Structure formats: structure tokens, C-alpha cells
Amino acid sequence: MKLLITILLFSLDEFMLPCITKKFIGIDCPGCGLQRSLALLLQGDFLAAFIMYPPVYSIIALLIFLLVRNFVTIKYANKIIVTLTITAIGFILINYILKFI
């Protein structure tokens, strides 16, 4: 079982979807790098994942909070969701702008 998981983790690059925006228009989209960043996270390379796509951690934090909120009642859940969403969108936009500078 461990061998199967190891083989799967190291062969993720073969199954990645191409960026349609980059393919047809020729420029990166705001999400370019997310798949590769998640693959690097699954391989345990946290710094390389951040370098590949810096918003990955804010997106993961948002998704984890949304998942936890389904099972646990949290007092200020709506405010936390809005804050995490704004943070994730802010990081995505900053990353996208910095790609073109």
C-alpha cells in the first residue's frame, strides 16, 4: 500500500491538466501553479510549494475551515470565512500582478 501511494505521489506530474488560458491566449491565469504547488505539498516540499504558488496556504486554510465548519458550530464563522476569502483573493491577485512585473 505504501509503495502504491509513493508511486502515485511521484507520478502526479503526468496527470496534471494544462492551463487553457495559457494554451490559447499565451498568458498565465491567476491559478497557474496551483496544481504543481499541491503536488509539491503532497510530496512534503513545503517551501517549493510556496515558491511555486504563494496563495496555496491561504486557500488550504479556507478550505479546511469550510470543512470543519460543517461539523462544528463556530461562533464567528461568517466573519472568519469572509476574512479568509479576502486574504486568499488578495494573495492570488498580488501573486498574479507580481508575475507580470
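**Notebook: salt bridges, pocket and helices**

I searched the whole structure for salt bridges and found 2; a salt bridge here is a side-chain nitrogen of Lys or Arg within 4 Å of a carboxyl oxygen of Asp or Glu. The model is predicted, so I note that local features need pLDDT of at least 70 and side-chain atom pairs count only at pLDDT 80 or more, while totals for chains, interfaces and linings use all residues. I number residues from 1 along each chain as its sequence is written, and side-chain values use heavy atoms, with hydrogens and water left out.

**Entry 1: salt bridges**

I looked up the partners of Asp-28. Lys-22 pairs with Asp-28, with 3.1 Å between the closest N and O atoms. Asp-28 also meets the side chain of Lys-99 in a salt bridge, at 3.8 Å from N to O. This second pair links distant parts of the chain, 71 residues apart: Asp-28 sits in the loop between helix H2 (20-24) and H3, and Lys-99 in helix H6 (residues 77-99). I therefore record Lys-22, Asp-28 and Lys-99 as linked in a network of salt bridges. Side chains of opposite charge can pair when their charged atoms come close.

Lys-22 counts as partly exposed because its relative accessibility is 45%. Lys-99, at 29%, is partly exposed.

**Entry 2: chain overview**

I counted 6 helices and 0 strands in the protein chain; these are DSSP runs, helices being H or I of at least four residues and strands E of at least two, numbered from the N terminus. The pattern along the sequence reads α-α-α-α-α-α. Of the 101 residues, 21% count as buried.

Leu-41 and Val-56 are 15 residues apart in sequence, with 9.3 Å between their C-alpha atoms.

In helix H6 I looked up Ile-81, which is buried because its relative accessible area is 15%.

**Entry 3: nonpolar surface patch**

I noted a nonpolar patch on the surface, formed by Ile-89, Leu-93, Ile-94, Ile-97, Leu-98 and Ile-101, with about 640 Å² of accessible area together. Patch residues have over 30% relative accessible area and no salt bridge, nonpolar side chains (Val, Leu, Ile, Met, Phe, Trp, Tyr) being joined within 5 Å and like charges within 9 Å; areas come from the Shrake-Rupley method with a 1.4 Å probe, only the protein chains shown counting as cover for residues. Ile-94, one of the patch residues, lies in helix H6 and is partly exposed at 49%.

**Entry 4: largest pocket**

I looked up the largest pocket, whose volume is about 260 Å³. A pocket is an open set of points on a 1 Å grid over the protein atoms alone, where a 1.4 Å probe fits, with protein on both sides within 12 Å along at least five of seven lines; lining residues have an atom within 4 Å of a point. Points are joined across faces, edges and corners, and the volume is the space filled by probe spheres set on them. The lining comprises 13 residues, with Cys-19, Cys-32, Gly-33, Gln-35 and Arg-36 nearest the centre. Helix H3 (residues 34-42) gives the most to this lining, with 3 residues. By class I recorded 7 nonpolar, 3 polar and 3 charged residues (Ala, Val, Leu, Ile, Met, Phe, Trp, Tyr, Cys and Pro are nonpolar; Asp, Glu, Lys and Arg charged; the others, Gly among them, polar).

Methods. Buried < 20%, exposed > 50% of the residue type's maximum accessible area, 1.4 Å probe, protein only.
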